[in-house]
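Please look over the sequence and the structure below before reading on.

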Amino acid sequence: MRILLVLAHPLEDSFAAAVAKLAQETLVAGGHQVDLLDLYSEGFDPRLSETERRGYFDQPYDTSDVDSIVARLRAAEGLILVFPQWWFNFPAILKGFFDRAFAPGVAFTHDPAGGRIVPQLTNIRLFWALTTTGSPWWVVHLYMGNPVRRLLKRGIAAFCAKRLNFRMLALNDMDRVTDAGRKAHLARVRKALATI
């Protein structure tokens with residue numbers, strides 16, 4: 001399977017970077033082709049430009065400023081995101097990736113009758129998120145309602161592709177987790193990825 005592995009963390013020595021490295025190694029060992037898109041190291045600009053916003057309903061929508069990333073997304077059969085959750089949401093650079101690359105004509109098309117959108121990322125069969133939260137499990141799930149999972153599964157994944165293998169593996173309470181806890185999570189990630 002061709003997998004686009006997207007890393008969204010500014011620090012090269014972060015736990016997210018370690019997860020992405022492990023994911024890449026595990027997937028390659030499993031016979032998959034992996035395209036690592038490190039949004040920070042590749043200098044991705046998350047800001048939707050004035051031109052992009054004004055042309056949002058143009059046919060065709062102009063993706064020329066992100067064509068290289070769109071080509072990588074269209075070539076993928078699987079998408080795996082690696083990122084921390086900050087303030088119960090995506091890092092701004094990952095939100096910008098969705099805003100700019102998951103554009104009309106790429107991830108979906110507008111239904112001419114209005115209201116509904118038609119999924120276009122039919123090439124994507126697998127959509128996973130490998131993430132961390134600073135908050136404990138009960139805060140993320142019981143108090144906040146796990147907003148990132150909802151956004152990914154019910155919003156982005158469901159509106160862009162159909163019949164996906166969706167999964168989210170999260171390490172909660174990252175700010176207080178022990179080294180043993182981090183190692184256990186990495187082992188869990190490795191085991192899960194080996195099933196792809």
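Helices (DSSP runs of H or I, at least four residues) and strands (DSSP runs of E, at least two residues) are numbered from the N terminus. With these labels, P60 is placed in the loop between α2 (50-54) and α3. A cis peptide bond joins this proline to Q59, with omega at about -5°. In another loop, the one between α5 (137-143) and α6, lies N146, whose phi is near 50°, a positive value in a residue other than glycine. As background, most residues other than glycine have a negative phi, and most peptide bonds are trans.

The model is predicted, so that local features need pLDDT of at least 70 and side-chain atom pairs count only at pLDDT 80 or more, whereas totals for chains, interfaces and linings use all residues. Residues are numbered from 1 along each chain as its sequence is written, and side-chain values use heavy atoms, with hydrogens and water left out.

**Fold**

UniProt, in an unreviewed entry, lists residues 1-191 for "domain: Flavodoxin-like fold"; its positions are given here in the numbering of this model, with feature names shortened, and such annotations may be inferred rather than shown by experiment. Over residues 1-191 the chain is 38% helix and 21% strand, and the end C-alpha atoms are 17 Å apart.

Strands count as paired if DSSP finds at least two bridges between them, and on this basis there is an open sheet of 5 strands in the order β2-β1-β3-β6-β7, with parallel pairing. At its edges stand β2 (33-38) and β7 (165-171), each with a single partner strand, so one side of each is left without a neighbour in the sheet. Neighbouring strands of this sheet are turned by 15° against each other on average, direction ignored; here axes are lines fitted to C-alpha atoms, for helices over the stretch in contact, and angles run from 0 to 180 degrees between N-to-C directions.

The parallel strands β3 and β6 are joined by 8 bridges, and P84 stands opposite T132 in β6. Helix α7 (residues 179-193) packs on the sheet and touches β3, β6 and β7, its direction making about 170° with that of β7, where contact means heavy atoms within 4.5 Å. Helix α3 (residues 67-75) lies across β1 (2-7), β2 and β3, and runs at about 150° to β2.

**Cavities and pockets**

Rolling a probe the size of a water molecule over the atoms shows where empty space is left. On a 1 Å grid over the protein atoms alone, a cavity is a set of points where a 1.4 Å probe fits but cannot get out, while a pocket is an open set with protein on both sides within 12 Å along at least five of seven lines; lining residues have an atom within 4 Å of a point. Grid points are joined across faces, edges and corners, and a volume is the space filled by probe spheres set on the points. In the classes used below, Ala, Val, Leu, Ile, Met, Phe, Trp, Tyr, Cys and Pro count as nonpolar, Asp, Glu, Lys and Arg as charged, and the others, Gly among them, as polar.

| Space | Volume | Lining by class |
|---|---|---|
| Largest cavity | about 50 Å³ | 7 nonpolar, 3 polar, no charged residues |
| Second largest cavity | about 40 Å³ | 10 nonpolar, no polar, no charged residues |
| Largest pocket | about 310 Å³ | 10 nonpolar, 2 polar, 2 charged residues |
| Second largest pocket | about 150 Å³ | 5 nonpolar, 6 polar, 1 charged residues |

A search of the whole structure finds 2 cavities of 30 Å³ or more. The lining of the largest cavity includes F15, A16, P84, T132 and H185, and α1 (15-29), β3 (78-85) and β6 (126-133) each supply at least two residues to this lining. Among the residues that line the second largest pocket are F15, A16, P84 and T132, together with H9, W86 and D175; the elements that give two or more residues to the lining of this pocket are α1, β3 and β6.

The second largest cavity has F102, I156, A157 and C160 among its lining residues, and helix α6 (residues 147-160) gives the most to that lining, with 3 residues. The largest pocket is lined by 14 residues, of which Y56, F98, F102, F108 and I156 lie nearest its centre. Helix α6 gives the most to the lining of the largest pocket, with 5 residues, and α4 (92-101) is one of the elements that supply at least two.
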